[in-house]
Amino acid sequence: MGIGETAIGHKGAGQWVLCKADDSAQPIHLDSMEGQIGPDVVDMRGLYKQAGVFSYDPGFANTAACQSAITYIDGEEGILLHRGYPIEQLCEKASFTDVAWLLSHGELPDARQKVRFEQGLMAEAHLHEQIRNFFNGFRRDSHPMAMLCGTLAGLSSFYGNQGADQRHRITPEEREMSTLRLVAKMPTLAAWVYRYSRGLPLIYPRPGLSYAENCLHMLFSMPEAPWAVNPVLARAFDRILILHADHGQNVSTSTVRTVGSTGVNPFACIAAGVAALWGPAHGGANEAVLDMLDEIGTVDGIPDFMNRVRNQKDGTRLMGFGHRVYKKLDPRAGLMRRICHEVLAELGMDHDPRLELALKLEETALNDEYFISRRLYPNVDFYSGIILRAMGIPSSMFTVFFAVARTAGWVAQWKEMLESRPGISRPRALYVGPTRRDVPPSYGVEG
Ligand code: ACO
């Protein structure tokens, strides 16, 4: 194994020409592709055919795995656009269901589409009664993401497109229906996960409530005491959902596209996205932020904690900071900070010690050489946990509601992937294991 000679390249008219450094080999001509905005892309599809080599890009940090018209991110400038619209404007002017429609259909819904979509979501929000039985198989203290992932995959047996016919190809009508069903059913499933873990009666979606209001109703209502709608909290929750709705080709979305490329049932496909989202380096970060704040305790604990992060000895990280793409402030983090102040003011918690600690920690990190030199800024998860906890949502449920929101993006990306007919996802590896060898004659069952 070795690095070998460096390939060098230059761009000609719409093409990249790569040659070995010593010019000993024939040049390789690869097409250059231009997006609407953002850097050009070198089309690597001819690489192996022309040169007999593969490209190496672990983590896919330099690789465009698909063409997409859904989300554009400029991490250097801190820009996030959905179908061209800046996240700041969507957060101010649209509802989560508008954004879900936008992601899947390319345009904001007109008045008629909006009404029909919201009616459709309400009609599909119920779960098959048999799904109640699924929960009895789980320990009540299971992580809610384990239950969400399991029950969601199980839904494929109720709402499957494939039925008994494994060769069935998902039709455009089935794609539309699955998109609607998944966005509609996720809040009910999420709320039932919570209710089951607490031993509380399961609550059904209520017509007349908005999507966000229904999420809170199904979490907090009791049969004898329905949740009293609070418009400030409902709008805050709606905006949290918007801020988590899609984020380009992140690990869970890439997982959904990869799994979906096999033609599998969409519920199983989205369950795979939920599994990918669960990890603390991805959607589990907001839960980890609160654990971290609890561990630090008070502002007096910050210097000690920061020393541990800087020393990098025990792997301590400042959770809610850093991002694979953003090397400037994540635009969602600024919006989330504003929502945090609004929610805490509404709840009379503006002097919450955890908020004070988070603000001080953020300020300390933003002025610290370790974070400045590595371009580490708060990400969307730094404040979301504080808001959700203040609203009475337990931290183990944070990632579950992230999954509810991200389902809007996952289904849009899944649909786009199917429409582009990309073929099955199948990366290669640089093989570094033993070369061919024989099993020792002394090993194994005597024949
Ligand atoms: N705290 C301390 N140091 C950090 C942090 C952090 N949060 N994030 C990155 N670093 C350091 C790394 O130790 C590394 O330092 P080195 O160059 O001295 O080795 C350098 O910054 C680069 O780090 P990478 O891990 O290479 O950065 P990458 O882009 O791969 O990681 C990630 C991104 C996983 C999000 C990382 O920043 C992290 O672990 N953050 C904390 C978890 C978190 O908040 N995740 C949520 C992400 S947003 C989302 O999924 C919705």
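**Close-up 1. Asn-230 in the loop between α8 and α9.** In this predicted model, Asn-230 sits in the loop that runs from α8 (211–220) to α9 (231–243). Its relative accessible area is 17%, so Asn-230 counts as buried. A polar atom of the Asn-230 side chain lies 2.9 Å from the backbone nitrogen of Val-232. Glu-213 is 17 residues away from Asn-230 along the chain, and the C-alpha atoms of the two are separated by 8.4 Å.

**Close-up 2. Asn-379 in the loop between α16 and α17.** With a relative accessible area of 9%, Asn-379 is buried. A polar atom of its side chain is 2.9 Å from the backbone oxygen of Gly-322. Beyond its neighbours within four places in sequence, Asn-379 is in contact with Gly-320, Phe-321, Gly-322, His-323, Asp-330 and Ala-333.

**Close-up 3. His-82 in strand β6.** Strand β6 covers residues 79–82 and contains His-82. The relative accessibility of His-82 is 0%, so this residue counts as buried. The side chains of His-82 and Thr-71 are joined by a polar contact of 2.9 Å. Thr-71 is also one of the residues in contact with His-82 when neighbours within four places in sequence are left aside; the others are Ile-70, Ile-87, Leu-90, Leu-102, Leu-103 and Asp-246.

**Close-up 4. Helix α7 and its kink at Lys-185.** Helix α7 has 27 residues and spans 39 Å from its first C-alpha to its last, close to the 39 Å expected at 1.5 Å a residue. A kink of about 35 degrees lies at Lys-185, shortly before the proline Pro-187. Of the 27 residues of α7, 21 are buried, so the helix is largely enclosed by the rest of the structure. Gly-199 follows α7 and has a positive phi, near 70 degrees.

**Close-up 5. The salt bridge between Glu-124 and Lys-185.** Lys-185, the residue at the kink of α7, forms a salt bridge with Glu-124, and the closest N and O atoms are 3.2 Å apart. The pair links distant parts of the chain, 61 residues apart: Glu-124 is in the loop between α4 (111–123) and α5 (131–136), and Lys-185 is in helix α7. Both Glu-124 and Lys-185 are buried.

**Close-up 6. The salt bridge between Asp-294 and Arg-354.** The closest N and O atoms of Asp-294 and Arg-354 are 3.2 Å apart. Asp-294 belongs to helix α12 (residues 285–296) and Arg-354 to helix α15 (residues 353–366), so the bridge ties together parts that are 60 residues apart in sequence. Asp-294 is partly exposed, at a relative accessible area of 41%.

**Close-up 7. Further salt bridges, including Arg-45 with Asp-43.** The count of salt bridges in the model comes to 22. In the pair formed by Arg-45 and Asp-43, the closest N and O atoms are 2.9 Å apart. Arg-45 is exposed, with a relative accessible area of 69%, whereas Asp-43 counts as buried at 14% relative accessibility. Elsewhere, a network of salt bridges links Asp-98, Lys-114 and Glu-118.

**Close-up 8. Helix α11 and its packing partners.** Helix α11 (residues 266–278) has 13 residues and reaches 18 Å from its first C-alpha to its last, close to the 18 Å expected at 1.5 Å a residue. At the start of α11, a side-chain oxygen of Asn-265 comes to within 2.7 Å of the backbone nitrogen of Phe-267. The buried residues of the helix are Pro-266, Phe-267, Cys-269, Ile-270, Ala-271, Gly-273, Val-274 and Leu-277. These buried residues pack against α6 (144–155), α7 (172–198), α10 (251–260) and α18 (398–420).

Close-up 9. Not counting residues up to four places away in sequence, Phe-237 touches Ala-212, Cys-215, Leu-216, Leu-388, Met-391, Ile-393 and Phe-401. Val-274 is also among the buried residues of α11.

Key
Residues numbered from 1 in each chain as written. Predicted model: local features only at pLDDT ≥ 70, side-chain atom pairs only at ≥ 80, totals over all residues. Heavy atoms only, no water. Helix = DSSP H or I, 4+ residues; strand = E, 2+ residues; numbered from the N terminus. Expected span 1.5 Å × (residues − 1). Buried < 20%, exposed > 50% of the residue type's maximum accessible area, 1.4 Å probe, protein only. Contact = heavy atoms within 4.5 Å. Polar contact = N/O pair within 3.5 Å; in protein donor to acceptor, adjacent residues only side chain to side chain. Salt bridge = Lys/Arg side-chain N within 4 Å of Asp/Glu carboxyl O. Bend = angle between axes of the 7 residues up to and from the residue.
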